[in-house]
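Here is a short tour of the model shown below. Have the viewer open as you read.

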Amino acid sequence: MCISTEFLAEAVYLSVDPYMRAYSSKLKPGDTFLGSQVAKIIESKNPKFPVGQHIVGYFGWRTHTISDGGTTTFGNAPMIVPNIGTLPLSLALGVLGMTGNTAYFGFLEICTPRVGETVVISTAAGAVGSHVGQIAKIKGCKVIGVTGSDEKGKWLVNELGFDHFINYKTDDLDKALSECAPEGVDCYFDNVGGDISSIIMRHMNNFGRISVCGAASTYNEKEAKASTIQRSMISFNLKMEGFLVQRWNDRWNEGIQQNLKWIKQGKLKYRETVTEGFENMFEAFTDMLQGGNVGKVIVKV
Ligand SMILES: NC(=O)C1=CN([C@@H]2O[C@H](COP(=O)(O)OP(=O)(O)OC[C@H]3O[C@@H](n4cnc5c(N)ncnc54)[C@H](OP(=O)(O)O)[C@@H]3O)[C@@H](O)[C@H]2O)C=CC1
Ligand SMILES: C/C=C/C(C)=O
């Protein structure tokens, strides 16, 4: 007997992420653009996905999706949004979703920060960066955020408790780092790659740790290139490790629950840049790539 497990989901919030730029080169004209969303189940023949339930699905840029609950071309199988009380459902794409777990696991597991250490974060006012900085403060570190505007930097220092910010567009990054971190950098959470990372790495302390999360400055390039980092790696005995957050799929709920706990304790703040209207997805995406966002970028359908 053939039992249908299909359900129909209607998008409520769509996630806008830098990785879309890098992965889009694999798409052909006519393909659905990739991405995740919070969607509401509006019809269902599947008891695991009942009508009215909200899910996170990697369905791409679409308003309605028929799914059988299995994996999609773009990623994980749909997940039921965990109980987050009265908090907005959009957080399941950000601080209580993929970006939140990227910050939680990517920083703690790879940088292994210790009390009193100095942490530098690039694209620090974005979804992942702003979250990493707050975890670093919770862990007793000194935190320096590198970002693209003074307005973003002031938010990091005045609202989130970062110790310093550096505007890489107007400040001399090398000089500013010498002034903000004369003791050197123990952990670097790298969201950007390129020249910004090359400069930060010259300030690393012996046995420093670098978590390579993203390379936003290189997502237009077709081929990966080894940069001029080897001298710093050798001179300072550095450890550098890249990751994809899906590596911690088996611990996914641990990250969500810890981040939720920190939000409820007032230790973790979040901000979203929300654009209204599915038809404005592309504008929200290009605006984010030009630094127009603070925190997580969301499109509300
Ligand atoms: N490894 C993994 O599993 C994951 C990796 N990531 C990566 O983490 C990083 C941060 O993601 P997310 O927080 O969602 O995005 P952000 O919210 O940080 O948005 C992207 C930001 O990148 C900065 N930026 C864009 N282009 C450049 C450039 N050429 N040079 C310098 N800065 C630039 C801009 O900020 P500014 O004002 O500072 O210029 C922009 O706001 C990305 O690289 C992403 O790909 C995200 C999720 C999972
Ligand atoms: C899952 C996201 C990956 C990157 C590189 O952004």
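## Around ligand 2

How many nonpolar, polar and charged residues does the shell around ligand 2 have? There are four nonpolar, one polar and no charged residues. Nonpolar covers Ala, Val, Leu, Ile, Met, Phe, Trp, Tyr, Cys and Pro; charged covers Asp, Glu, Lys and Arg; the others, Gly among them, are polar. The shell consists of Pro-18, Tyr-19, Gly-214, Leu-244 and Val-245, where a residue belongs if its C-beta atom, placed from the backbone, lies within 6 Å of the molecule.

This is a predicted model, in which local features need pLDDT of at least 70 and side-chain atom pairs count only at pLDDT 80 or more, while totals for chains, interfaces and linings use all residues. Residues are numbered from 1 along each chain as its sequence is written, with chains lettered from A and ligands numbered from 1 in the order in which they are written.

## Around ligand 1

Ligand 1 has 28 residues around it, and Gly-126, Ala-127, Gly-148, Gly-214 and Gly-291 come nearest. By class, this shell holds 13 nonpolar, 13 polar and two charged residues.

## Two domains

An automatic or database assignment gives domain 1 (7–94 + 271–300) and domain 2 (98–245). Their centres, taken over C-alpha atoms, are 27 Å apart. Domain 1 brings 11 residues to the contact and domain 2 brings 13 residues, with contact meaning C-beta atoms, placed from the backbone, within 7 Å. The shell around ligand 1 takes at least three residues from each of these domains.

How values were computed: Two residues are in contact if their C-beta atoms, placed from the backbone, lie within 7 Å.
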